[in-house]
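Dear colleague,

I am passing a structure on to you, and I would be grateful if you could look it over before reading my notes.

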Amino acid sequence: MLLYKFNIYMSSMFDLLMELPLFRGVSHDTMKNIVGMAKFHFLKYPEGAVVVKENSPCTHITFVISGSVRLTTTNNNGRISVSQTLRAPDVIAPDFLFGRATNYPCRAVALEPSGVLQISKADYIKILNADPVFMFNYLNIISMNAQKSVVGLMSLTSGSLEERIAFWVIALTQPSGENIAIECPLRNLCAIWGVQRSALVDALTRMRDYGVESFGPSGVVFSSRKKLLDMLQEHPEMGDSNGENVDEKS
């Protein structure tokens, strides 16, 4: 009986792991080998607990395996922040595990009782080398994030204001991010985008059909990141250059 329950538990764990974005496409046998060679740290966080501290070293790849977390990125002077919700299964800022800048750019707080899986960088390197699928998944994610950031920043000086706002939000959020909010006075956003307040208000009003839920003196709330991508897809040259898959949560 105990062996039967253990087998059920292990099967459920493998199914859970294989739903994670960086583990998709691998077989059960491969996952069994990985679990045997790498240390998987399963952690639980109550509502309101800090999962990741901003600017802390990114020494592990961190997955959300249950519940949800709120990621908030704030600029150096604290005048503007962008927040988003990630729901399980997902991964937190995977593109900061390697490279010269390996500190988390965001703060992650549990919105509800949530489970997290952490794998050390050293063990994750072993996993990447164990099967080409792992490497392909990771390279796809970091390449997509790098490409969207370049296009997003360049778009600040070109395109319509609506397109520039959409690119800016996409560049600062993950593909699966939900309930995105920019917390910043509209006058500061006007300075960032180099427009008059009336022009910004008009643009945000026109964007209500493309993911803008509300806006006011303190910032902007977006109901759907996917709708921002849908808006950009109406302009083929921008949809192609963005290089991002639009098959994401609404």
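Below are notes on one strand and on the cysteines.

This is a predicted model, in which local features need pLDDT of at least 70 and side-chain atom pairs count only at pLDDT 80 or more, whereas totals for chains, interfaces and linings use all residues. Residues are numbered from 1 along each chain as its sequence is written, and side-chain values use heavy atoms, with hydrogens and water left out.

Strands here are DSSP runs of E of at least two residues, numbered from the N terminus, and buried means under 20% relative accessible area (1.4 Å probe, protein chains only). Strand β8, residues 114-120, has 7 of its 7 residues buried, so it is largely enclosed by the rest of the structure. In a regular strand the side chains alternate between the two faces of the sheet. In β8 both faces are covered, with Ser114, Val116, Gln118 and Ser120 buried on one side and Gly115, Leu117 and Ile119 buried on the other.

Two strands pair if DSSP finds at least two bridges between them. Strand β1 (residues 41-45) pairs with β8 in the antiparallel sense over 5 bridges, and Tyr45 stands opposite Ser114. Strand β3 (residues 60-66) also pairs with β8 in the antiparallel sense, over 6 bridges, and Val64 has Val116 as its bridge partner there.

As for the cysteines, a search of the whole structure finds 0 disulfides, a disulfide being a pair of cysteine sulfur atoms within 2.5 Å. Cys106 is in no disulfide, and the nearest cysteine sulfur, that of Cys58, is 9.1 Å away; Cys106 is buried, with a relative accessible area of 3%. The sulfur of Cys184 lies 9.3 Å from the closest cysteine sulfur, in Cys190, which is too far for a bond, and Cys184 is buried at 1% relative accessibility.

With kind regards

Note on methods. Buried means under 20% relative accessible area, exposed over 50%, partly exposed in between (1.4 Å probe, protein chains only). Helices (H or I, at least four residues) and strands (E, at least two) are DSSP runs, numbered from the N terminus.
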